[in-house]
2 protein chains.
Amino acid sequence: MEVGSSGWFRELSTPSNNSETVDKQSHLPAYAQLAQILRRAISRGSYPSGSRLPAEAALARQYGVSAMTARQAVGVIAEEGLVRRVQGSGTFVQKLTVTASSFDLGALRRVLADQENLKVRILRSSVERAAGITCQALGVAPYSPLIYVERLLLHREKPFTLQVGYARFEPESPVVEMMLDTTVLTGLFVEGGPSGFKKGKLRLLPTSFSERDAQLLGDTPGGYAFRLEHIFYDTGDKPAAYGWLLVSPENMPLTGRVGVWEE
Amino acid sequence: MEVGSSGWFRELSTPSNNSETVDKQSHLPAYAQLAQILRRAISRGSYPSGSRLPAEAALARQYGVSAMTARQAVGVIAEEGLVRRVQGSGTFVQKLTVTASSFDLGALRRVLADQENLKVRILRSSVERAAGITCQALGVAPYSPLIYVERLLLHREKPFTLQVGYARFEPESPVVEMMLDTTVLTGLFVEGGPSGFKKGKLRLLPTSFSERDAQLLGDTPGGYAFRLEHIFYDTGDKPAAYGWLLVSPENMPLTGRVGVWEE
DNA sequence: AAGTGGTCTAGACCACCTA
DNA sequence: AGGTGGTCTAGACCACTTT
């Protein structure tokens, strides 16, 4: 607030601790170094939340990098949710906001990518009639024939997840073969596997294991679990497959971080 | 596969449909236009999954933009998980991979940001002794005093979420006041509110409503719910508050998208 | 009018991968 | 060795916000 007008000494024009500089010989890119400098400055309180960061041009001048490089640095911490850019106004330090966070499926990917230790066991496969939710999800009339498949995925001989899926029964469609192919499930999750779908929607829901689920997965009946619903669309944008994955929170931890994490 | 070597006509040097161009008069930025062009090309199958996109320099030449602009366009669809950059090798079209997706807390934010229609009711607040999980989460010795607060959040007069939290009992700490302040909870989630924390960890778990929870939230006992656990750290990087939020999947839908969504 | 972020250019050099 | 993505520069103009 009160700018040092009464001081015995002159404030430096740059009040922030300027001991940190960008080392252009370092192998760490300049923008990453500057981003780290800004993170530390925010963490230290040099830029309290709500305050405005120096303009990108000023940062560029101050740290001896080009405007684009400074911009990239600010972009990094903006993506982290630490600051927020407002066009025409400035870049402002954000308060810690939980909603800036998101959860990713990294743990799931890591397991499914470990193909050598993965086994798929088909528990059931049959033709069923569409009804209720499956009609809706796949956009077919009631009593339309649907392929039904139920699979158990084992990782290192331990049950990992139960997958249930329906697909439109169209013999000419490659989806049917794919559904029956034991690799299709992993193909949807592991980069490099087969797919054939164009896009998909996902929904995460809380649920619990039925007695049968628990037995199959070696978990306790009534134990809480995630249900990851998925609808996949073929190249014609028609829903082609609907299903879900049942997995315990231990096998698929969903965690996130917010605020200033320096390491 | 079979490249037209036997054709009556010469293939254009650029096999892709070149009718789409970047319109520099448009208000849509050139990089966004190019990103959309690439999305459509991938969707159409011009670049099948696994194939390599033209080099950024080639795209720049082809569409009459600078290399940096082409790079930014590729960056956009790379962030969407549609393609993957490999340094020194090229940019490759990804197969649809579910794990590229992430879930965000947008719905939660939207409600908590709607301050006018939000009410907070404190159900309980007391001093309790640390034990078990609370010791671990807050890093204090057993029997240390902890502030305990339980709040009900109502949105448009309807119960929305139940929040339970513990904080280290340190009278000199501002956390205690904050815990008892009815605005603190929303402050953690809504940008612009009060906070005072530096960083936080989040964990999402499946659970169900107890009879009491269900009654308070107007839901059915045994109904499945999300439990969003949070630990917040003060400016000294010490855990200062631990708690969780109980919310039904209807009130906090967690959805994601993968693959090529053009709209 | 001045300042800010957002976009864009036309170059440059580097690290990395593939041949 | 040549091609690719990754970084960087020193400018430029624009759209937007604030004064």
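Let's begin with one side chain: in this predicted model, the side chain of A:Glu20 makes a polar contact with the side chain of A:Arg44, at 3.5 Å. A second polar contact joins the side chain of A:Glu20 to that of A:Arg40, at 2.5 Å. To find A:Glu20 in the structure, look in the segment of chain A that comes before helix α1, which spans 30-44. Leaving aside residues up to four places away in sequence, A:Glu20 touches A:Ile37, A:Arg40, A:Arg44 and A:Tyr63. Is A:Glu20 buried or exposed? Its relative accessibility is 15%, so A:Glu20 counts as buried, since the cut-off for buried is under 20%.

Now let's turn to the place where the two protein chains meet. Here 53 residues of chain A are in contact with 53 residues of chain B. The size of an interface is often given as the accessible area lost when the parts come together. Chain A and chain B bury about 4,600 Å² between them, and 65% of that area is on carbon and sulfur atoms. On the chain A side, the residues that lose the most area to chain B are A:Leu96, A:Thr99 and A:Phe103, which together make up 15% of what that side buries.

What kinds of polar link cross this interface? The count of salt bridges between chain A and chain B is zero, while 15 residue pairs are found in polar contact across the interface, with both partners at pLDDT 80 or more. Several elements of chain A each supply at least two residues to the side that touches chain B, including α3, α4 (106-113), β7 (199-208) and β8 (224-233). Which of the elements gives the most to this side of chain A? The answer is β7(A), with ten residues. Sorted by class, the residues on this side of chain A are 25 nonpolar, 16 polar and twelve charged.

Of the atoms of DNA strand C that come within 4 Å of the protein, sugar and phosphate account for 79%. You can follow some individual approaches to phosphate oxygens of this strand. A polar side-chain atom of B:Tyr31 lies 2.7 Å from one, an N or O atom in the side chain of B:Thr69 is 2.5 Å from one, and a polar side-chain atom of A:Thr91 lies 3.0 Å from one. The elements that give two or more residues to the surface near DNA strand C are α3, β1 (83-86) and β2 (90-93) of chain A, along with α1 (30-44) and α3 of chain B. By class, this surface has eight nonpolar, nine polar and five charged residues.

Finally, look at DNA strand D. Among the atoms of DNA strand D within 4 Å of the protein, 80% belong to sugar or phosphate, and the rest belong to bases. Backbone atoms take part here: a backbone N or O atom of A:Ala30 lies 2.2 Å from a phosphate oxygen, and a polar backbone atom of B:Glu56 is 2.9 Å from a phosphate oxygen. A base is approached as well, with a polar side-chain atom of A:Gln87 lying 3.2 Å from a base nitrogen of DNA strand D.

Conventions: Residues are numbered from 1 along each chain as its sequence is written. Chains are lettered from A and ligands numbered from 1 in the order in which they are written. This is a predicted model: local features need pLDDT of at least 70, side-chain atom pairs count only at pLDDT 80 or more; totals for chains, interfaces and linings use all residues. Side-chain values use heavy atoms; hydrogens and water are left out. Helices (H or I, at least four residues) and strands (E, at least two) are DSSP runs, numbered from the N terminus. Buried means under 20% relative accessible area, exposed over 50%, partly exposed in between (1.4 Å probe, protein chains only). A polar contact is a pair of N or O atoms within 3.5 Å; within protein, one must be able to donate a hydrogen and the other to accept it, and residues adjacent in sequence count only if both atoms are side-chain atoms. Contact means heavy atoms within 4.5 Å. A residue is near a molecule or strand if one of its heavy atoms lies within 4 Å of it. Buried area is the accessible area (1.4 Å probe) that two parts lose on being put together, summed over both. A salt bridge is a side-chain nitrogen of Lys or Arg within 4 Å of a carboxyl oxygen of Asp or Glu. Ala, Val, Leu, Ile, Met, Phe, Trp, Tyr, Cys and Pro count as nonpolar, Asp, Glu, Lys and Arg as charged, and the others, Gly among them, as polar.
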